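Here is a short note to read beside the model. Keep the structure open and follow the points in order.

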Amino acid sequence: MTTDQAEEIALLEAEATAALEGALDLAALEESERAAFRSKRSRFAEMYQALGSKEPEERRVVGRLLNELRGRLEAVAEARRAELTAAARAERLGADRLDLTEVLPGRLAGHLHLVTQVREALEDVFIGMGYEIAEGPEVETGWRNFEALNIPEDHPARSPLDTFYVDFGKPWSVLLRPHTSPVQIRLLERGTLPIYAVVPGRTYRKDTPDSTHLPVFHQIEALVVDRGVTFADLKGTIDTFVRAIFGEGTRTRLRPAYFPFTEPSAEFEMSCVICGGEGCRTCSGVGWIELGGCGMVHPAVFEATGVDPEQWSGFAFGFGIDRIAIMRHGIADLRVMIENDVRFLGQF
Ligand code: DAH
């Protein structure tokens with residue numbers, strides 16, 4: 001091997017290394033690799049090809065040097081590729097970043113939706129009374145939603161005009177729950193008694209949105225099962241949570257009603273928070289606002305879930321969280337809850 005050859009290899013290495021390390025992006029790196037040693041027209045390839053006409057000894061020595069050089073250049077290129085890939089990824093993440101915690105002057109900080117705030121306030125009241133917070137799925141079986149709740153085959157709520165059915169399993173056997181009451185069945189099915197539970201959750205009905213209806217809304221269900229539970233316990237519990245949410249001066253009353261899963265059943269009402277019971281537009285002049293349904297758990301519900309109605313008794317009630325929210329804040333129209341207008345949401 002001549003000194004010229006040694007110098008040329010050293011020069012080639014210095015130049016190629018500088019080009020590879022200085023490549024500014026992945027495309028430039030590939031280009032430098034080609035120019036340095038991958039392309040057939042690179043100086044490296046030329047030196048390699050020239051070996052063919054050399055003496056065996058020289059061929060061996062220079063060939064080994066060139067192979068070693070290629071190994072080193074490949075390592076340099078690999079290291080630079082890793083750096084560039086990491087940088088490109090960091091840049092992409094930076095560009096995608098959306099800082100939800102950032103509050104610019106004059107802008108609103110994010111916070112929980114009004115419905116979530118009211119749901120949590122209700123949960124707090126019931127936790128304070130020793131209840132557990134339970135949940136059930138939004139897609140429910142017809143059995144838990146109707147049969148086990150003693151709702152007969154010909155009940156209007158079972159009509160596909162009212163309830164969204166899901167195309168799964170036997171026709172009309174699975175649905176989007178139109179109330180949170182099927183979770184009563186889930187709680188009873190657990191087989192652990194007594195039960196003191198409230199169940200908040202999303203519910204679905206085929207309603208056209210108007211000032212008092214939304215097709216997707218929220219309910220909270222309460223179920224208490226213990227020995228010797230009475231109607232007075234039900235009335236006292238309703239009274240307690242309504243006063244906790246709407247203020248000590250708020251009164252409640254029950255009016256006879258019918259629900260298949262309770263007997264006796266009632267609708268519960270509270271004195272109008274706007275006029276204090278005097279009569280106004282919000283309460284249509286009657287001084288009372290209907291909140292939800294309630295009653296003593298029907299023996300048929302106990303029987304469907306294997307609970308002995310001779311030993312256990314209980315009460316249940318259910319009502320809309322969204323309606324509680326508009327009542328609590330004097331809002332005239334439910335639809336603002338789903339419009340996502342920050343001028344509205346930012347007030348709470
Ligand atoms: N599930 C009923 C509805 O959505 C409300 C209801 C009535 C719930 C009576 C109850 C109850 O727990 O006992 O209209």
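**Notes on the predicted model**

1. The buried residues of helix 2 pack against helix 1 (3–22), helix 3 (43–50) and helix 4 (56–96). Contact here means C-beta atoms, placed from the backbone, within 7 Å. Helices (H or I, at least four residues) and strands (E, at least two) are DSSP runs, numbered from the N terminus.

2. A word on the source. This is a predicted model: local features need pLDDT of at least 70, side-chain atom pairs count only at pLDDT 80 or more, and totals for chains, interfaces and linings use all residues. Residues are numbered from 1 along each chain as its sequence is written.

3. Which residues of helix 2 are buried? They are Leu-29, Ser-32, Glu-33, Ala-36 and Phe-37. A residue is buried if 20 or more other C-beta atoms lie within 10 Å of its own, exposed if 12 or fewer, and partly exposed in between; C-beta atoms are placed from the backbone. These residues sit on the same side of helix 2 because they cover an arc of only 105 degrees around the axis. The arc is that of the directions from the helix axis to the C-beta atoms. An α-helix has 3.6 residues a turn, so residues three or four places apart point the same way.

4. Seven strands form an open, mixed sheet in the order 1-4-5-9-8-7-6. Two strands pair if DSSP finds at least two bridges between them. Strand 1 (132–133) and strand 6 (252–259) are the edge strands, and each pairs on one side only.

5. Look at strand 4 (residues 195–204) and strand 5 (residues 216–226). They run antiparallel, joined by 10 bridges. Pro-200 stands opposite Ile-220 in strand 5. Helix 7 (residues 182–189) packs on the sheet and touches strand 4, strand 5 and strand 9 (313–320).

6. Ile-133 lies in strand 1. Is Ile-133 buried or partly exposed? Ile-133 counts as partly exposed because it has 16 C-beta neighbours inside 10 Å. Leaving out residues up to four places away in sequence, Ile-133 touches Glu-123, Ile-127 and Val-198. Ile-133 and Val-198 are 65 residues apart along the chain, yet their C-alpha atoms are separated by 5.1 Å.

7. Last, the ligand. The residues around the ligand include His-179, Glu-221, Cys-294 and Phe-317. A residue counts as near if its C-beta atom, placed from the backbone, lies within 6 Å of the molecule. Strand 8 supplies the largest share of the shell, four residues.

Methods. Two residues are in contact if their C-beta atoms, placed from the backbone, lie within 7 Å. Axes are lines fitted to C-alpha atoms, for helices over the stretch in contact, and angles run from 0 to 180 degrees between N-to-C directions.
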